[in-house]
Amino acid sequence: SEWGYQVIVCQTHDSKKKEIDYLQLLKTKQVDGVIMASIINKWEDVEPYLESGPIVVCNEYMEKTLVPMVHMDHKKASYEATLHLIDQGCKNIAYVSGGPDSYLTLERRKGFEKAIQERENSLIEGISIDWALDVKDGQKVFHSIKEDHPYIDGVFTGSDEVAAGIIYEASQSDWEIPRDLAVVGFDNQMISLLMVPSVTTVEQPVKQMAYKSVEILLQQLLHPGTKYPREYVYEHELLIRNSTKRRKLSVQ
């Protein structure tokens, strides 16, 4: 790069051991700094590695740390997506995530629950499913809804792939999207545009957050000891498409 640094991409696949193994690269001076796009271990297990070099947290949030964190407001995004489903006439909404423990999942769940509580008079029930990660899981989610919770008429998922799996499997069972089941995804991946119907989704400002994370890390390497703001919070965008359009949207 123009700054003379090379980039190494390390995937942990949600493994605590792999995460620590990669942080060892910082301790052994094989890398100069680290951007963590996910954190699996507890912060007290990660924090000692700050003695070996700078760490920037991207798309995560840790309450106990003072390192720079670049992220969006996942609670707000989930809240708006859930309100959109309610405004489209959904009465029973499922919250579908990939796991119960991560910061992202917990924040999105808070937003989901806040929206339901605010509109509790118009909702009968909300349920949570916390094991869905990809298209195949999305297909399983649909069958879980069909067989065990057939009254569910709206789904907020943490992944466009999961949303795609739900929509595909629904079409194979003669369910009409969004009339029978409105679906919201997350991330605005290409699959969200290719699906029929196209998937309503939350777009994260990925490029802006990535650029800022690299910028902060480079500044820390070039100017050690300089203090930086603890948080850089970016806005999301709810992209409304055909998978949720049950009603005409009002023109502001």
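**Notes on the predicted model**

1. S198 counts as buried because its relative accessibility is 13%, where buried means under 20% relative accessible area, exposed over 50% and partly exposed in between (1.4 Å probe, protein chains only). The residue is found in the loop between α7 (190-194) and β8 (200-203); helices (H or I, at least four residues) and strands (E, at least two) are DSSP runs, numbered from the N terminus. Leaving aside neighbours within four places in sequence, S198 is in contact (heavy atoms within 4.5 Å) with S192, L193, R241, N242 and S243.

2. On the basis of the model: this is a prediction, in which local features need pLDDT of at least 70 and side-chain atom pairs count only at pLDDT 80 or more, while totals for chains, interfaces and linings use all residues. Residues are numbered from 1 along each chain as its sequence is written, and side-chain values use heavy atoms, with hydrogens and water left out.

3. K245 lies in the segment after β10 (237-239) and is partly exposed, with a relative accessible area of 40%. Not counting residues up to four places away in sequence, K245 touches Q88, P178 and I240. K245 and G89 are 156 residues apart in sequence, yet their C-alpha atoms are 9.8 Å apart in space.

4. The protein chain is divided into domain 1 (16-72 + 205-235) and domain 2 (74-204), with bounds that come from an automatic or database domain assignment. The C-alpha centres of domain 1 and domain 2 lie 31 Å apart.

5. How much area is buried between domain 1 and domain 2? The value is about 750 Å², of which carbon and sulfur atoms give 52%; buried area is the accessible area (1.4 Å probe) that two parts lose on being put together, summed over both. In domain 1, N59, E60 and M72 lose the most area to domain 2, together 60% of what that side buries. Nine residues of domain 1 are in contact with nine residues of domain 2.

6. Between domain 1 and domain 2 the count is one salt bridge, defined as a side-chain nitrogen of Lys or Arg within 4 Å of a carboxyl oxygen of Asp or Glu. A salt bridge also links K76 with E235, the closest N and O atoms being 3.4 Å apart. The elements that give two or more residues to the side of domain 1 that touches domain 2 are β3 (69-72) and α8 (206-222).
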